[in-house]
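Subject: Structure handover

Hello,

Here is the structure you asked for. Notes on the annotated site and the pocket around it follow below.

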Amino acid sequence: MSDYQSIAARKQQHLESLIPPEWRLKASQIPAGMLSVADSVTNPSYSESINVVDIPRTCGLLTTQELHITEDYDIRSLLTELHSKRLTAEEVTRAFCKRAAIAQQLTRCLSEPLFNQALARARTLDAHIRTTNTPIGPLHGLPISVKDTFHITGVDATNGLAALAFHPSTKDADLVTLLQSLGAIIITKTNVPQTVSTLDTANHLFGRTMNPLNRRLTVGGSTGGEAALLALRGTTLSFGTDIGGSVRIPPMCVGKYGFKPSQGRIPYGGQQERGHLPAKNRIALQPVAGVMGHSVEDIGLALAEIVPRAELFGEDCIPGHWGPYALTPNPAAAPATKQKLTIGILRTDGLVEPLPPIRNILNEVASILQHNHNTSIELIDLPTPPALRKCQNIANKLMGIDGGNLMHDLLDQTNEPLIPWLQGRTKRRNPLTVPDLCELQHQRAQVEREMMSLWTYTSPKDNSNAERKERKIDAIIHPVAPHPVPEHDKYNAVGYTSSWVLLDYPAGVVPVRKVKMEDLEVGREMKNPVIGSWDRKNRELWDEKLVDRRVYLDSPLSVQVITPRLHEYELVMAMGVVDRAVKEFYSKSEAIKDTAKL
């Protein structure tokens with residue numbers, strides 16, 4: 001064995017040893033044809049669209065009470081039970097740890113199970129609340145999970161690289177410290193792609209994380225392990241990072257919610273630095289920490305506790321305030337002085353034309369909002385700003401300013417090959433010079449200035465000969481990607497998510513519905529002229545000579561909601577408006593169908 005293979009074998013053995021025998025599925029309960037760890041990376045082809053979401057419920061390992069704990073509570077109601085001592089932190093933590101262990105066996109979503117540490121912390125919390133009758137903090141006893149990249153003392157942060165295995169962290173990440181101060185319990189760390197630089201989650205250490213909804217399709221990246229764990233209800237909240245879409249693409253792939261804030265809202269410090277100098281993020285495209293969850297309300301509750309405290313924990317954070325209306329039944333009414341919500345529909349980035357299912361879902365959401373009587377909404381169809389077409393190119397260049405040389409040094413240490421998707425896409429390059437970097441940042445500033453007009457309008461000059469700028473758009477609805485959830489290693493057009501990192505706009509993902517047969521337009525090809533190379537690559541995901549479109553059937557369709565920089569509170573409100581409107585619409589549609597069958 002070469003160095004990386006022996007390290008991977010040891011790492012996989014270590015992970016297996018952390019799952020108690022009584023939490024293991026029978027071989028007959030695991031879908032046939034699961035590839036080996038190595039094969040899952042190099043040859044992830046499946047002929048069957050197997051959905052494993054129901055297996056935790058039916059496998060017999062979880063008791064009735066454990067199923068109740070992991071399935072029937074949102075975060076607010078679970079915390080109410082914990083703080084009132086009707087549930088103990090230990091029994092809640094054990095239920096989620098056991099479910100996370102089941103999720104690992106079905107999808108390979110974990111990198112560092114922390115079950116023993118989590119249960120020990122839960123017992124400490126229980127002793128404290130029994131003695132003092134007071135919870136440790138507002139998230140007292142809440143089981144959560146974090147991406148592999150976050151440092152936790154005594155635990156590896158490998159970034160999917162063999163060279164970083166068995167080198168445990170010596171200090172907690174700032175966000176880990178903050179979450180624990182709030183009383184949360186971290187039960188596991190989760191799998192990421194090799195180098196954390198792809199939109200599919202595969203590496204030689206832990207293998208490929210499978211999509212629990214359909215193993216033929218990607219779970220996304222780079223926070224893919226969190227998405228799989230969340231979809232199988234092995235955690236209440238998932239914390240990850242986002243530089244190109246990594247807390248928005250994975251929830252899109254499993255039909256969950258994702259939230260990317262602006263810089264400074266959630267502490268990012270204490271990450272394994274992706275094989276480059278830590279200072280790179282200060283001068284390049286700056287990633288942010290974000291969160292994924294089961295609902296807008298769950299995400300909003302977490303942010304309401306994190307944002308006001310972030311500046312006390314991270315040197316990269318700014319003062320923050322969370323408004324009082326974020327989780328009310330009708331947050332669109334806040335602030336009280338603004339009665340109407342103005343939402344822009346931005347249908348394309350101007351570089352890649354959305355495929356028919358994405359076009360359909362955007363049209364549907366626009367129509368649903370237009371006819372929703374519970375909220376006063378003005379919809380505006382937005383032309384694609386010319387500046388938006390420049391964003392992906394600038395973002396791509398800023399991601400690679402160091403030439404990737406430190407990452408390749410780590411690979412060379414153990415003779416580790418690149419995973420197939422990275423082969424031919426990444427190689428050693430010369431780092432950018434200071435003048436080159438200055439020019440890129442100048443281009444970025446120009447784009448940021450041009451994009452400001454997306455949100456405002458300028459009133460005519462008054463008698464003082466001065467123009468007045470006023471906000472015109474409160475939020476924008478945009479595709480998460482120009483295609484449905486694709487097969488492994490086929491994700492395309494990251495500009496639909498990375499552009500908003502470049503611009504530092506908060507962006508969230510809201511699931512809408514599943515792909516239907518009529519979305520597939522079988523036998524019909526797109527007739528619009530190809531825009532360019534990225535658009536041509538996107539069309540390959542729809543070309544019936546290359547793909548059977550039925551692979552997308554029943555996969556989730558989502559939309560992205562975006563607000564101006566540092567308007568996270570408004571983003572939660574806008575996501576809530578969209579989410580409630582689509583849920584109400586599809587609930588009524590199903591009721592009408594059921595009535596028609598009678």
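Buried here means under 20% relative accessible area, exposed over 50% and partly exposed in between, with a 1.4 Å probe and protein chains only. This is a predicted model, in which local features need pLDDT of at least 70, side-chain atom pairs count only at pLDDT 80 or more, and totals for chains, interfaces and linings use all residues. Residues are numbered from 1 along each chain as its sequence is written, and side-chain values use heavy atoms, leaving out hydrogens and water.

The unreviewed UniProt entry annotates K147, S222 and S246 as "active site"; such annotations may be inferred rather than shown by experiment. They are spread over 100 residues of sequence but cluster in space, the largest C-alpha distance being 10.5 Å.

K147 is in strand β2 (residues 143–147); strands are DSSP runs of E, at least two residues, and helices runs of H or I, at least four. K147 counts as buried because its relative accessibility is 0%. Beyond four places in sequence, K147 has contacts (heavy atoms within 4.5 Å) that include S222, E226 and S246.

S246 lies in the loop between β6 (237–242) and α10. With a relative accessible area of 5%, S246 is buried too. Its contacts beyond four places in sequence are K147, G221, S222, T223 and T241.

S222 and S246 also belong to the lining of the largest pocket. A pocket is an open set of points on a 1 Å grid where a 1.4 Å probe fits, with protein on both sides within 12 Å along at least five of seven lines; lining residues have an atom within 4 Å of a point.

Regards
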